[in-house]
Amino acid sequence: MANAIEIQQPSSTAMQAGERAVVTPMEMLDRAVSQGANVETLTQLMNLQERWEANQARKAFDEAMASAKANMPAIVKSRKVDFTTQKGRTNYQYEDLASIMNQVGPVLSANGLSVRYRTQAEPNQPISVTCIISHRMGHSEENTLMAGRDESGNKNSIQAIGSTVTYLQRYTLKAALGLAAAADDDGAKADDTGAITEAEREIILTMIEETGSDTAKFCEVLQIDSIADMPAVKFRRAISMLETKKRKVAANG
């Protein structure tokens, strides 16, 4: 058969006991070219090579992420918010994006991982931020969150966009690295009667939609009347619940 690919078996003396020969798609492609295989055969082998490389890159990504998470330092909260309004006192500590990157950046780099963001801010539409974790072999995974502009305080329009973008960058990064549930206490306001912010509400609603969660049941579990009325102190638990649901949805395809 003119297009058959002859695969040479290594001699028994060249192999150790129990060792199996591994022929990569690229080696098969080289042999096919040398044997004058037709275009259809070469195309199939090239597609096989691309799938093989993608699978190898995914395995390398998973191994790198596992290694990075095993060596991830505890996130230190270096910023503090403390102010009083007519609704009561708000007092909590948090870690900003720069401090998170200072702590996790070296670990990610040591494992061949990098972080970048993709942002969309169309007029009259929620702001969308996607955190992309990439490995040097080419595989990458994304995490996207959306929220409205943070118009709290005296922010102008540009500051409102910047505040939301920074907020979403922080949360998408923490979610992508599995840091949110373990280290985030943004919602730990001293005053339990204070509700979550507009940006936090948008994040909750987006994750509910992404996971196909039942809003009424979600509120029932958290013992709240509505998402808008969610006490800030329950924000961390809500995010943790939705991230768990998100992982289950992803695992089930």
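Author: Happy to! Let's start with one term: a contact means heavy atoms within 4.5 Å. One thing to keep in mind is that this is a predicted model.

Reader: Nice. What percentage of the residues are buried?

Author: Of the 253 residues in the protein chain, 38% are buried.

Reader: Let's do helices. How do H1 and H2 pack?

Author: Helix H1 covers residues 25–34 and helix H2 covers residues 39–70. Their axes are 9 Å apart, and the packing angle is about 165 degrees. Angles over 145 degrees count as roughly antiparallel, so H1 and H2 are roughly antiparallel to each other. Their crossing is left-handed.

Reader: Which residues make that contact?

Author: From H1 you have Pro-25, Met-26, Met-28, Leu-29, Ala-32 and Val-33. H2 brings Leu-42, Leu-45, Met-46, Leu-48, Gln-49 and Trp-52. By class, the contact of H1 with H2 has 11 nonpolar residues, one polar and no charged.

Reader: What about H3 and H4, how do their axes cross?

Author: The axes of helix H3 (residues 97–110) and helix H4 (residues 157–176) come within 9 Å and cross at roughly 30 degrees. Angles under 35 degrees count as roughly parallel, so H3 is roughly parallel to H4. The crossing of H3 past H4 is left-handed.

Reader: And which residues touch there?

Author: On the H3 side they are Leu-97, Ile-100 and Met-101. On the H4 side they are Gln-169, Arg-170, Leu-173 and Lys-174. The contact of H3 with H4 divides into four nonpolar residues, one polar and two charged.

Reader: While we're on H3, is Asn-102 buried or exposed?

Author: Asn-102 sits in helix H3. Exposed means over 50% relative accessible area, and Asn-102 has 61%, so Asn-102 is exposed.

Reader: Okay, one more pair. What angle do H7 and H8 make?

Author: H7 and H8 pack at about 130 degrees, with their axes 11 Å apart. That angle makes H7 and H8 oblique to each other. The crossing of H7 and H8 is right-handed. Phe-218, Val-221 and Leu-222 of H7 meet Arg-237, Ala-238, Met-241 and Leu-242 of H8. In the contact of H7 with H8, six residues are nonpolar, none is polar and one is charged.

Reader: What's in the loop between H7 and H8?

Author: Gln-223 is one of the residues there. Its phi is near 60 degrees, a positive value in a residue other than glycine. Gln-223 is exposed, with a relative accessible area of 68%. Ser-226 lies in that loop between H7 and H8 as well. At 23% relative accessibility, Ser-226 counts as partly exposed.

Reader: Which other residue has phi near 60 degrees?

Author: Asn-124, and there too the value is positive in a residue other than glycine. Asn-124 is found in the loop between strand S3 (113–120) and S4. With a relative accessible area of 78%, Asn-124 is exposed.

Reader: Switching to strands: where is Ser-134, and is it buried or exposed?

Author: Ser-134 is in strand S4, which spans residues 127–135. Buried means under 20% relative accessible area, and Ser-134 has 10%, so Ser-134 is buried.

Reader: What does Ser-134 touch?

Author: Leaving out residues up to four places away in sequence, Ser-134 touches Gly-112, Leu-113, Ser-114, Arg-116, His-139 and Ser-140. With Arg-116 there is also a polar contact of 2.8 Å between the side chains.

Reader: Great, thanks! I'll go and find these.

Note on methods
Residues are numbered from 1 along each chain as its sequence is written. This is a predicted model: local features need pLDDT of at least 70, side-chain atom pairs count only at pLDDT 80 or more; totals for chains, interfaces and linings use all residues. Side-chain values use heavy atoms; hydrogens and water are left out. Helices (H or I, at least four residues) and strands (E, at least two) are DSSP runs, numbered from the N terminus. Buried means under 20% relative accessible area, exposed over 50%, partly exposed in between (1.4 Å probe, protein chains only). A polar contact is a pair of N or O atoms within 3.5 Å; within protein, one must be able to donate a hydrogen and the other to accept it, and residues adjacent in sequence count only if both atoms are side-chain atoms. Axes are lines fitted to C-alpha atoms, for helices over the stretch in contact, and angles run from 0 to 180 degrees between N-to-C directions. Angles under 35 degrees count as roughly parallel, over 145 as roughly antiparallel, 65 to 115 as roughly perpendicular and the rest as oblique. A crossing is left-handed if the near helix is turned anticlockwise from the far one by less than a right angle, and right-handed if clockwise. Ala, Val, Leu, Ile, Met, Phe, Trp, Tyr, Cys and Pro count as nonpolar, Asp, Glu, Lys and Arg as charged, and the others, Gly among them, as polar.
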